[in-house]
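This report walks through one protein model, part by part. Keep the sequence and the 3D view at hand.

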Amino acid sequence: MPTVRLALAFALGAIFWAFGLLPFAWAYNGVIVLAALWELFAVMRVRRSLRCERKVSEVMEISAQSEVNIVVANPTNLPLMVAVKDEPPSDFQWDAPTKRPDQILPLLSTLLPPRSRVSLRYLVTPMRRGEFKFGEVNLRLSTPLMFVWLPVRYSLPQTVRVLPNLAQARKYSLLMRKVRMREMGFRPIPLKGAGTEFSSLRDYLPDDDPRWIDWNATARRGRLVSKEFELERGQNIVAILDAGRVMATRLDGLTKLDHAVNAAAFVLFIAHNLEDRVGLMIFSDRIQRWLPPSKGVRQWESILEALRQVEPQLVEANYASAFAHLLQNLPRRSLLLIFTDLIDPDTSEALITHAKLLAEKHLVIVVALSDYELRSLLAEPIDETSDLYRQAAAVAVLNDRLRAVAQLRESGVNVLDTSPEALFNALLEHYLLAKRRL
């Protein structure tokens, strides 16, 4: 295919025609044509010798950037200009060094010297969980003359799995391994039945609770000595995900269910590393997946696979069926983390009624992502009548939400109502505090 540079070269030759220099004009145009033909046949000769491969991780995490490398090898003696257009999955956002506003697919270009290889890099961000396929890699080849270019297509189908985002979990897990839980300030209070285990003795610190003092050791040493406690291991921690219609709402580009899946994976990963027994339930109008609490790598891998596959269903969640199943199949007192939303009175009423029954036997925390977008809507100026109606609707929804939160707390159910940004810190704090009460 001819390029713009070839057209400009011919246009430049028009100067000779304009001044009547016909011999020079014919000679100039002849050189341009010969150069273009030489480039065409040279590229045709070497294009079958090129090698192209895509290097990308087979496992990615939702809303986390991953690197894609397109490696092109030139075993010939001809320098080449290479433009590469890749085909990432449509559910992936991408970013490249050069990106035009109207550009649909990543386009990368470079000079490929003789007998060399180059790696062209761009970034992708998966916005959904599941399995996705990359498509073909399309190359456009020319020499440094760039008078013509030829297309080359490489079929490089690759499947990647997109899992929940565990970046926060890995950060906390690494921190716990380095400094231990007690050095982070999470020192369980040694009350009878609080689910704590004695660890060691150390010198009393000014911020210690006086109830931690070991008076016998203090008398022997002649100075104040405190007891240290470790969080009890082997407790039941179960994440319960509502996959009904209320979780299909989007916040920051992800559905509320996506945020819930990330949060559930986070807390279960922490619990798994603390040697707790972790379990999972996913339900909508029916129970989609039930993994009873257990330990071990296989249990964690099963949970991660179940979380990868879950998608919101546009149906009403059946709290009665799901919570009755929990009451029947969890004889041991457990920490139940219910990831749902408080979006309308009918939904909230069903949740409140059945969560109250769960709270009589288990420690229940309802995790709901607050609609901070509704709160920001109330601060916007009112320019038209429609703005007033939107704000009135937002006030009604927020009031329903506040009533539902109050009723749940009155029923003995803890409620964590926060934004996605603050969710991980708040969830970790609630989990550690709840372990003392199991």
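## The largest pocket

On a 1 Å grid over the protein atoms alone, a pocket is an open set of points with protein on both sides within 12 Å along at least five of seven lines. The model examined here is predicted. Its largest pocket has a volume of about 360 Å³.

What lines the largest pocket? The lining has 19 residues. Val82, Ala83, Ser109, Arg140 and Met146 lie nearest the centre. Strand 4 (80-85), strand 6 and strand 9 (137-142) each give two or more residues to the lining. Strand 6 supplies the largest share, with 4 residues.

## Overall make-up

The protein has 438 residues, and 48% of them count as buried. There are 11 helices and 21 strands. The accessible surface comes to about 22000 Å². Carbon and sulfur atoms account for 56% of that surface.

Take the contacts between residues at least 6 apart in sequence. Of these, 74% join residues at least 24 apart.

## Aromatic pairs

A pair of aromatic rings is described by the distance of the centres and the angle of the planes. How many aromatic pairs does a search of the whole structure find? The search finds 7. One of them joins Phe266 and Phe424.

Elsewhere, ring pairs link Phe92, Phe132 and Phe134 into a cluster. The charged end of Arg140 sits over the ring of Trp149, 4.8 Å from the ring centre. Arg140 is also among the residues nearest the centre of the largest pocket.

## Around Phe266

Phe266 has a set of contacts beyond its sequence neighbours. Leaving out residues up to four places away, Phe266 touches Leu166, Gln168, Ala169, Tyr172, Phe424, Leu427 and Leu428. Asn165 is 101 residues from Phe266 in sequence. In space the two are 7.9 Å apart, C-alpha to C-alpha.

Gln168 lies in helix 3. Ala263 is 95 residues from Gln168 in sequence, with 9.2 Å between the C-alpha atoms.

Ala167 also lies in helix 3 (residues 167-183). Its relative accessibility is 42%, so Ala167 counts as partly exposed. Ala167 and Ala64 are 103 residues apart in sequence. Their C-alpha atoms are 8.3 Å apart.

## Loops

Where is Arg115 found? Arg115 is in the loop between strand 6 (107-112) and strand 7 (116-126). Its phi is positive, at about 50 degrees, although Arg115 is not a glycine. Arg115 counts as exposed because its relative accessibility is 59% and the cut-off is over 50%.

Glu275 lies in the loop between helix 5 and strand 17 (277-283). Its phi is near 65 degrees, a positive value in a residue other than glycine. Glu275 has 42% relative accessibility and therefore counts as partly exposed.

Gly412 sits in the loop between helix 10 (385-410) and strand 21 (414-418). With 49% relative accessibility, Gly412 counts as partly exposed. Lys356 is 56 residues from Gly412 in sequence. The two are 7.0 Å apart in space, C-alpha to C-alpha.

Note on methods:
Residues numbered from 1 in each chain as written. Predicted model: local features only at pLDDT ≥ 70, side-chain atom pairs only at ≥ 80, totals over all residues. Heavy atoms only, no water. Phe/Tyr/Trp six-rings, centres within 6.5 Å; stacked < 30°, edge-to-face > 60°. Lys NZ or Arg CZ within 6 Å of the ring centre and 35° of its normal. Buried < 20%, exposed > 50% of the residue type's maximum accessible area, 1.4 Å probe, protein only. Contact = heavy atoms within 4.5 Å. Areas by Shrake-Rupley, 256 points an atom, 1.4 Å probe, with all protein chains shown as cover. 1 Å grid on protein atoms, 1.4 Å probe; cavity = no way out; pocket = protein on both sides within 12 Å on 5 of 7 lines; lining within 4 Å. Points joined across faces, edges and corners; volume = space filled by probe spheres on them.
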